[in-house]
Amino acid sequence: MLGLKLFRTKLALAAVLTVLLIAPAAAQESQTATSAPAESEASQPIDEVVVRGRRLEDIESDLRIHIRDFIGEVVAKPPGRGFARWYRRVCVGVYNLENTAAQYVVDRISKLALEVGLEPGEPGCAPQINVVFATNAKETAAAMVESDRRLFMPVAGHAGMDLGRVALDEFAQSEKAVRWWHVSLPVDARTGGAAIELDKNCGQAFCPPNVNVAGPSRIHNGTRDDMIYVIIIVDSTKLNGTTWQQLGDYLAVVSLCQIDPHTNPASFDSILNLFTNPRAYSGLTDWDRSYVRALYEFDQERIESMQTNEIVGRIAARELESAQ
């Protein structure tokens with residue numbers, strides 16, 4: 001597996017090889033200063049040391065491929081949209097949990113939000129991240145969807161705000177310990193106004209949004225995707241073997257990022273493996289932090305393909321720097 005651990009291993013190997021190359025020279029100098037080796041010793045065969053190295057360009061290329069594989073595995077965005085993230089600030093609410101435990105979960109999510117430059121909400125703020133604990137999570141999810149479907153799909157059709165009807169049905173019927181549903185909105189990057197048609201009753205057959213752009217560009221489109229709210233339901237009966245720190249960090253990642261509910265990131269060093277390998281992760285990994293930070297640093301106005309390129313580049317640069 002690539003990533004930070006692999007690169008540290010490669011650097012350690014390089015250091016060992018350097019010692020192997022330097023040591024014979026040092027030994028040779030010492031022998032010259034004392035006496036020449038006996039003829040019988042000189043006739044002994046010398047083991048050959050073969051050093052095989054890789055160019056830094058090849059290592060970086062493999063790392064970028066690994067990062068792209070990670071993004072392809074764990075990310076799920078609305079069709080045709082870019083990566084969404086919270087804009088400037090976020091408020092966390094936890095429900096159906098004892099106060100001390102609920103505050104701990106809020107604090108773990110808010111801590112990661114603060115790390116990536118967001119302003120966590122003050123007590124009493126209107127929650128955008130809603131974490132609901134339930135002993136009957138499947139029934140709770142199904143009831144919520146049935147009672148207010150527009151809460152999960154504010155605009156009918158593929159409006160670029162959610163993952164669609166099939167995904168919503170899977171959310172309602174899921175058997176997983178944690179399920180989540182993100183709602184995001186394409187907005188004008190300069191005004192924050194909706195960049196899609198929201199109101200079909202504006203008195204016209206078609207109500208197109210107005211989007212301000214700085215000028216013609218093949219790189220920037222003048223819009224960004226903002227998270228609006230996320231609903232997370234935690235099945236309290238399926239948390240055996242997990243700690244509060246593990247759970248809080250897991251919830252932090254799925255709160256701040258658009259994670260695919262079907263992800264299977266076993267090939268990556270991530271807290272997202274919590275419920276398949278709980279003993280392997282005490283909390284967030286360096287890889288998790290690299291991804292979340294890159295997600296909250298890239299230029300959101302870029303077209304979708306260039307967004308991915310920038311995120312990959314930022315993660316690769318951070319991983320290579322930390323391995324030096």
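This is a predicted model: local features need pLDDT of at least 70, side-chain atom pairs count only at pLDDT 80 or more; totals for chains, interfaces and linings use all residues.
**Salt bridges**

I started with charged pairs, and a search of the whole structure turned up 18 salt bridges.

I looked up Glu119 and Arg89 first. Their side chains meet in a salt bridge, 3.8 Å from N to O. This pair links distant parts of the chain: Glu119 sits in strand β3 (residues 119-120) and Arg89 in strand β1 (residues 89-90), 30 residues apart.

Next I checked Arg224 and Asp226. Their side chains form a salt bridge at 2.8 Å, N to O, and both residues are buried.

Then I went to helix α10 (residues 304-323). Glu310 and Arg314 both lie there, four residues apart, which is about one turn of the helix. Their side chains meet in a salt bridge of 3.1 Å, N to O. Glu310 has 15% relative accessibility, so it counts as buried, while Arg314 at 32% counts as partly exposed. I also found that these two belong to a network of salt bridges linking Glu297, Asp299, Arg302, Glu310, Arg314 and Arg318.

**Aromatic rings**

On to the rings. A search of the whole structure gives ten aromatic pairs. How are the rings of Phe152 and Phe171 arranged? Their centres are 5.5 Å apart and their planes make 50°; stacked would need under 30 degrees and edge-to-face over 60, so I call this pair tilted. Phe152 is in helix α6 (residues 149-152) and Phe171 in helix α7 (residues 165-173), so the pair links distant parts of the chain, 19 residues apart. Both Phe152 and Phe171 are buried.

Tyr250 and Phe275 were my next stop. Their pair is edge-to-face, with 5.1 Å centre to centre and 85° between the planes. Tyr250 lies in helix α8 (residues 244-256) and Phe275 in the loop between α8 and α9 (286-295), so the pair ties together parts that are 25 residues apart in sequence. Tyr250 is buried, with a relative accessible area of 7%, but Phe275 is partly exposed at 30%.

I also noted one aromatic cluster, formed by Phe70, Phe268, Trp287 and Tyr291.

**Charges over rings**

Last, I looked for charged residues sitting over rings. Which residue lies over the face of Phe83? I found Lys77 there, 4.6 Å from the ring centre. Arg85 does likewise with Phe298, lying over the ring's face at 5.0 Å from the centre.

Definitions and conventions: Residues are numbered from 1 along each chain as its sequence is written. Side-chain values use heavy atoms; hydrogens and water are left out. Rings of Phe, Tyr and Trp (its six-membered ring) pair if their centres lie within 6.5 Å; planes under 30 degrees apart count as stacked, over 60 as edge-to-face and the rest as tilted. Helices (H or I, at least four residues) and strands (E, at least two) are DSSP runs, numbered from the N terminus. Buried means under 20% relative accessible area, exposed over 50%, partly exposed in between (1.4 Å probe, protein chains only). A charge sits over a ring if NZ of Lys or CZ of Arg is within 6 Å of the ring centre and within 35 degrees of the ring normal. A salt bridge is a side-chain nitrogen of Lys or Arg within 4 Å of a carboxyl oxygen of Asp or Glu.
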